[in-house]
Structure formats: C-alpha cells, structure tokens
Amino acid sequence: MIKENIASINKRIAVSLARAGRDPACVMLVAVTKARPAEQIRQVIEAGITDIGENRLQEALVKYGKLEGVKWHMVGHLQANKVKEAVKIFDLIHSVDSLRLASAIDKHAYAINKTQDILVQVNTSGEPSKSGIKPDEAVEVIQGISRLRNINLKGLMTIAPVADNPEEVRPYFRELKGLLDKLNRQAVTRQPLHALSMGMTDDFEAAIEEGSTIIRLGRAIFEG
Ligand SMILES: *Cc1c(COP(=O)(O)O)cnc(C)c1O
C-alpha cells in the first residue's frame with residue numbers, strides 16, 4: 001500500500017507542477033512519520049523517499065538509531081531545552097519561530113562545529129493555536145537570524161489551517177511565497193532564500209501550484 005500510495009503521490013506532484021508550469025523535479029517530498037513504526041518507515045525508504053520528518057525530538061531520537069541513509073527533518077515545535085539534541089540529528093529544522101530559538105540553535109551548532117540548516121515558520125493564518133512568527137515581524141526576525149554564523153537560513157515554512165476545500169487555504173500559501181519574494185527583493189539575507197515548506201496531505205497540490213518546494217506528507221503515504 002505504501003509503495004502504491006507513493007507512486008500515486010509522485011504522479012499528483014508531477015501534474016501539479018506541470019499545471020503551474022514549474023520544473024518537474026523541484027519539489028522535495030518529506031515523509032512525516034510521527035507515530036508510525038520503523039517497519040513502515042523502512043517501506044517508505046525502499047520506495048525511494050530519503051527525507052523523513054518528525055514532530056517530536058524524543059520519537060526522532062529513537063528512530064534515528066534504527067534507520068540509516070536518510071535525512072531528518074524537524075517539523076514540530078522545538079522547545080529550548082531540546083535544542084542541543086535536535087542539532088545533533090536534524091538536517092533541516094522547519095519550525096524556527098523566534099530569534100531566541102535560532103540563537104540557541106546557533107550556539108549548540110557552533111559547539112559541535114556544524115552549520116544548521118533551518119526554515120523560519122510563519123503563522124500565515126494568524127490562528128492562535130499555531131506556532132510561527134507573524135508575517136509583519138518577518139523582516140526584523142530574519143535580519144537577526146541571518147547574522148548568526150552557524151545557521152544557514154534556507155527559507156520559510158507554514159502550516160495551513162484545516163479546511164474541507166484546499167482552495168480555502170491557497171491564500172496562505174500565496175502569502176508565504178509573497179513574503180519570500182519580498183525578503184529576496186529587499187535582500188534581507190546574505191543569500192537569496194529558495195525553500196518554501198508548505199503543503200500537507202489535504203492541500204499539497206494547491207501548495208505546489210503556489211510555489212512550494214518541500215511538501216510534508218503523512219496520511220497520504222501511510223493511509224488510504
Ligand atoms: C503531521 C504533520 C504533517 C503531515 O500531515 P498529514 O496531514 O498527515 O499529511 C505535516 N507537517 C507537520 C508540521 C505535521 O505535524
């Protein structure tokens with residue numbers, strides 16, 4: 001089932017990219033494996049997915065020792081007291097939501113001689129239950145983050161609200177893309193930002209049409 005699901009997802013990705021007139025290979029699929037056993041994750045890896053996302057450090061640490069040859073993505077909220085361990089295992093932290101958290105990551109990355117790739121999470125919908133900086137704080141926060149030497153800021157991430165129809169959340173994806181373009185136009189960072197982590201099981205096609213470069217899928221891979 002997992003193999004078939006991934007084949008069908010890959011087709012849907014290709015169709016969305018074509019519809020948007022985008023390059024065929026410009027979207028990375030991260031398999032979000034929270035609460036899924038290592039055996040199922042092995043099937044994902046066998047199907048050719050090498051990017052694995054977790055939303056809790058503790059769970060990621062357990063799986064980290066069991067699975068080799070994959071890249072690890074932190075997609076959940078990261079607490080300050082977990083940063084030291086997180087920096088040891090994650091290739092990309094999607095959920096940086098303050099300058100303070102970025103500074104802690106920078107400090108621990110420096111200590112192990114690493115440059116940590118990160119994304120800044122933006123709360124595009126303004127829902128109080130969601131983490132992320134406010135869009136109007138982005139320039140200031142990102143200016144601060146781009147001064148940190150052991151941080152490599154690659155782009156932005158957002159989580160859309162739950163909706164019955166993906167068209168309802170398309171504006172949030174468009175807003176994140178607009179924000180990335182604005183940061184690049186204003187040259188807020190040393191290097192232009194390219195990564196946009198947006199799109200989950202219910203809305204990834206709309207996200208791709210709006211410029212997503214990283215989609216994070218759980219249910220589409222493991223269920224159905
Ligand atoms: C769980 C989770 C996902 C995957 O969600 P699905 O709807 O199962 O595709 C993506 N991003 C984050 C941050 C998550 O916590």
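This is a predicted model: local features need pLDDT of at least 70, side-chain atom pairs count only at pLDDT 80 or more; totals for chains, interfaces and linings use all residues.
Local features were taken at pLDDT of at least 70 and side-chain atom pairs at pLDDT 80 or more, while totals for chains, interfaces and linings use all residues. Residues are numbered from 1 along each chain as its sequence is written, and side-chain values use heavy atoms, without hydrogens or water.

**Overall build**

The protein contains nine helices and eight strands; these are DSSP runs, H or I of at least four residues for helices and E of at least two for strands, numbered from the N terminus. Further totals are tabulated below.

| Property of the protein | Value |
|---|---|
| C-alpha span along the principal axes | about 45 × 40 × 30 Å |
| Accessible surface (Shrake-Rupley, 1.4 Å probe) | about 11100 Å² |
| Share of that surface on carbon and sulfur atoms | 48% |

The radius of gyration over C-alpha atoms is 17 Å, which agrees with the value near 17 Å for a compact globule of 224 residues; the globule rule is 2.2 Å times the number of residues to the power 0.38. Of the 224 residues, 49% are buried, meaning under 20% relative accessible area (1.4 Å probe, protein chains only). Contact means heavy atoms within 4.5 Å. Of the contacts between residues at least 6 apart in sequence, 60% join residues at least 24 apart.

**S146**

A polar atom of the S146 side chain lies 3.0 Å from the backbone oxygen of Q143. Beyond neighbours within four places in sequence, S146 contacts V188, T189 and R190.

Definitions and conventions. Buried means under 20% relative accessible area, exposed over 50%, partly exposed in between (1.4 Å probe, protein chains only). A polar contact is a pair of N or O atoms within 3.5 Å; within protein, one must be able to donate a hydrogen and the other to accept it, and residues adjacent in sequence count only if both atoms are side-chain atoms.
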